[in-house]
Amino acid sequence: MSNRARIRVGAVSLMVLLLGAGLAGAGAGDAEGRPARVVSMNLCADELLLRLADREQIAAVSYLARDPRGSNVAEQAEGLPRTRGLSEEVIALKPDLIIAGAFTTRATVALLKRIGFPPLEIGVPADFDGMRGQIRMVAAALGHPERGEAMIAELDARLAEAMQWAGTPRLRALVMRPNAFTVAPGSLGDAVLTAAGLINVAAEIGQDRTGQVSLEAAALADVDLVILDEGARGAPSLADALLRHPVLAELRRQGRTVSVPNRLWTCPGPQVAEVVTRLVAAARARTSLR
Amino acid sequence: MKALLPRASASARSRLAGAGLIVIAAALVAALVLASVAIGYAAFDVPSAMADLLAGRTTLPALVLWELRIPRALLGALVGFSLGLTGAVLQGYLRNPLADPGILGISSAAALGAVMVFYGGLAGSLSLALPLGGIAGAALAALGINLLAARGTGTLGLILAGVGLSSLAGALTALALNLAPNSYAALEIVFWLMGSLADRSMDHVWLCLPLMGLGWILMLSTARALDALALGEDTAASLGFDLVSVRLRIVTGAALAVGSGVAVSGAVGFVGLVVPHLVRPLVGSRPGASLWPSGLLGAALVLGADIAIRLLPSRPELKLGVITALVGAPFLIGLLFRRQGRT
Amino acid sequence: MRLVAEAVGVRIGRTVILGNVSLDLGPGAFVGLVGPNGAGKTTLLRILAGLLPATTGRLTVDGRAMASVRRDERARRLAALFQGAGVGWPMRVSEIVALGRLPHRRAFAALGDADRAAIARAMRLADVAHLADRAEPTLSSGERMRVLLARALAVEAEILLADEPITALDPAHQLDAMTLLRAISRRGIGVVAVLHDLTLAARFCDRIIVMEDGRLVADDRPDAALTDGLLASAFGVAAHRGTAFDGTRYILPWERSGPGTKEMG
């Protein structure tokens, strides 16, 4: 599915779902019509829910929310019930609003739709506007539209702050995520690179349809900045082992790598501006080095 | 004397053919290693990178050559030689034309051993732990197969036991990866069960080469015992072979070669099954004669498969085991049918 | 070479497989090892071949304990022919016979001239020279037996131990094989063969060793060993004795001896 088609489908399902959510909320919500038992089913939904809702509104978050390596809201998630996204867990919580990812826990989502609990599905935004729209949508569904606007304002302020330093000449950058995934053109990550004044080399070296690049192609593409997540080393994996490959070590020695935690730009939120800030700083350091 | 001459020349002829085949196969492996170094994903001036490398200039192309292209080609040859040789040795020793480290479950047990060591964090503190884990897994499987064979389990019985062991080791590998604390681990199961040579480095070559080499020496040393074993254990023992030592060398050698290979490249199936059958029409059925040619042809097969993977348009690249299974699985079915036709 | 067993026995746990067997084997004789099923003939043969250690008693080669004889020396001096396992791969006949030279070859050395000569002699003796380039699966059982015998002969050992060499053969090939084994013994090689056919054993062997329940119950010239009493007690048969047209005496197991075993009616 193309991104545009994806967005269109997302928008249609959104309208349907808002109706559904409204109906559900009408019965069970508080005096102001806000949902009172919200369950979120993927990490990005968790982050928006924890930041935009009152704590009393939250019935459960996903099990990923408390993992400090992946989640930006691990502390806030402390003490809340968690689910693994199974239908029975979710139904047992008697939710009046379910927020699910458009590409995760599909079986559960399909079942919930069939039995009359249609979830609010959030897709993967393709740019900053998509991100703003998603924040607005979730904030509205939670009955706190003003908090959504505040979050967007914070994001925009931090973005503007970071982007004023975004420089010329535009450096060539390539993102290498675990298992050699990269940031494909036309994605939020690509938009972040552009905002930081960088050229996404992934567009040139023909990354495949799942967005993977080989280490060899990355090394030979004359990249100024290879963007990796070298943060707190987790439990061993081949993905982490690749970060110690001698070719990457040489790129690192030459000052061509910058570490950005993946969790900062996995999900919509003001922390995405932080990525732009770090990339701009790295690009400036690299330019002065050259 | 008249009767003697043609016989002598016939045996000399077959020996010459064997030596000739080894030379040709070695040349083929050398050519495929060069091709594997030359073929890759990025446009790349190999001669100038080689010049940089030889002059000691650590340019990025030199580094890509030394730490990506060359290890990938070498590992293909090493892993392929190990699998082909182990297949030929196991088939000869078990007098079983269906024997193969993959089919008998030795490869998947090695993958399980390596996975437990790697994701348990042992390999981080001691890199040698990774091949040792693979070797331990392979050794347990090889010992189990040996015990079954010693109890008189037949050709198909052993293969069924191997299928069972493979499934069990595969399931335990999946379990270990799902329980691993790293969220990427579950995605990495395909590497361990199907094998790949992508993004390996020279470190991997150094890690497995000595252990593999030792395994090869142990297995190659059994060539004459394997010939004698064609006539059964009693006859082999009467010809002066210490069968306990032979068994020990084969189990240890197979475990070292397959275990250390799987630890750096995952489990690549069917090479050990197919290659000895391709070799036998050329060198004859004497088990000892098929060892070197099987190793070399195994190396050629894995190198060829790995080159094909990079030439095919499929991205992300296919796992090695996909190609070898596409060749090997129909071959196995064919062998089974032929057996059925005979008995 | 003298192969001497003194009170040799094998036990597994408390079960006595073989008890107190004493015998003396030397060059130039054709010895038949006979006895009913389960009497321990093959066990004794494997002990004599040095493949199975005796748990009691003493086995010596020219006065030295078998256990102290190096494996390769034993393999050169004592050849053994076991057919039960068959041939595992479709090897060529010349390759199979050449296996008999393995005890004589140094590591990594190819077949030498002496090896090739020995192979040729063995093949000529067993009359398989014309089969040299045939693959094993294309042979008849008689041809296969002669090829495996040629393999054992290629060792050029001083004693040849053969386990049931004629069991699978038709009458004509049985006669050929017994003639061949006797001819080999006449060349100075000690031949010991496990046999089931008492008629052929009595006719061709120089000496018969009779086993019963893991014990040696007779060891003598055929007519002295295979008495009516022994045939009845060890084998449970009564034999017809006669003289063939060429004047040779023969025995023929004719009917079961003892009560309740005769044919009804």
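Predicted model: local features only at pLDDT ≥ 70, side-chain atom pairs only at ≥ 80, totals over all residues.
**View 1. Where chain B meets chain A.** Here 30 residues from chain B and 24 residues from chain A make up the contact. Look on the chain B side for helix H3 (60–94), helix H4 (106–119) and helix H5 (122–125), the elements of chain B that give two or more residues to it. The most come from H3(B), with 6 residues. The chain B side has 19 nonpolar residues, along with 7 polar and 4 charged ones.

**View 2. Where chain C meets chain B.** Chain B has a contact with chain C too, and this one pairs 31 residues of chain C with 25 residues of chain B. On the chain C side, two or more residues come from each of helix H2 (71–77), strand E6 (78–81), helix H3 (93–98) and helix H4 (113–125) of chain C. Which element gives the most to this side? The answer is H2(C), with 4 residues. By class, the chain C side divides into 19 nonpolar, 3 polar and 9 charged residues.

**View 3. The largest nonpolar core.** This core has 199 residues, and those with the most contacts inside it are Ala138(B), Ala254(B), Leu33(C) and Leu160(C). H3(B) gives the most to this core, with 14 residues. To see the surroundings of one core residue, centre the view on Ala138(B). Neighbours within four places in sequence aside, Ala138(B) is in contact with Ile106(B), Ala109(B), Ala110(B) and Gly113(B), and also with Ala254(B), Ala255(B), Val258(B) and Gly259(B). Another core, of 90 residues, lies apart from the largest one, and its members include Leu52(A), Val73(A), Ile99(A) and Ala62(B).

**View 4. The two domains of chain C.** Domain 1 of chain C covers residues 3–226, and domain 2 of chain C covers residues 237–265. Their centres, taken over C-alpha atoms, are 29 Å apart. The contact between them takes 5 residues from domain 1 of chain C and 5 residues from domain 2 of chain C. On the domain 1 side there are 3 nonpolar residues, 1 polar and 1 charged. An unreviewed UniProt entry lists residues 3–238 of chain C as "domain: ABC transporter". Over residues 3–238, chain C is 35% helix and 26% strand, and the end C-alpha atoms lie 33 Å from each other.

**View 5. A hairpin in chain C.** Strand E9 (residues 207–212) and strand E10 (residues 215–220) of chain C run antiparallel and are joined by 5 bridges. The hairpin has 2 residues between the strands, and Asp213(C) has a positive phi near 50°.

View 6. Phe270(B) sits in the loop between helix H12 (243–265) and helix H13 (271–283) of chain B. Is Phe270(B) buried or exposed? Phe270(B) counts as buried because it has 26 C-beta neighbours inside 10 Å, and 20 or more are needed for that. Asp127(C) belongs to the loop between H4 and helix H5 (141–154) of chain C. With 14 other C-beta atoms within 10 Å, Asp127(C) is partly exposed.

Notes. Residues numbered from 1 in each chain as written. Chains lettered and ligands numbered in written order. Contact = placed C-beta atoms within 7 Å. Nonpolar A, V, L, I, M, F, W, Y, C, P; charged D, E, K, R; others polar. Domains from an automatic or database assignment. Core = buried A, V, L, I, M, F, W, Y, C linked by C-beta atoms within 7 Å. Buried ≥ 20, exposed ≤ 12 C-beta atoms within 10 Å, placed from the backbone. UniProt positions renumbered as here; feature names shortened; annotations may be inferred. Pairing = 2+ DSSP bridges.
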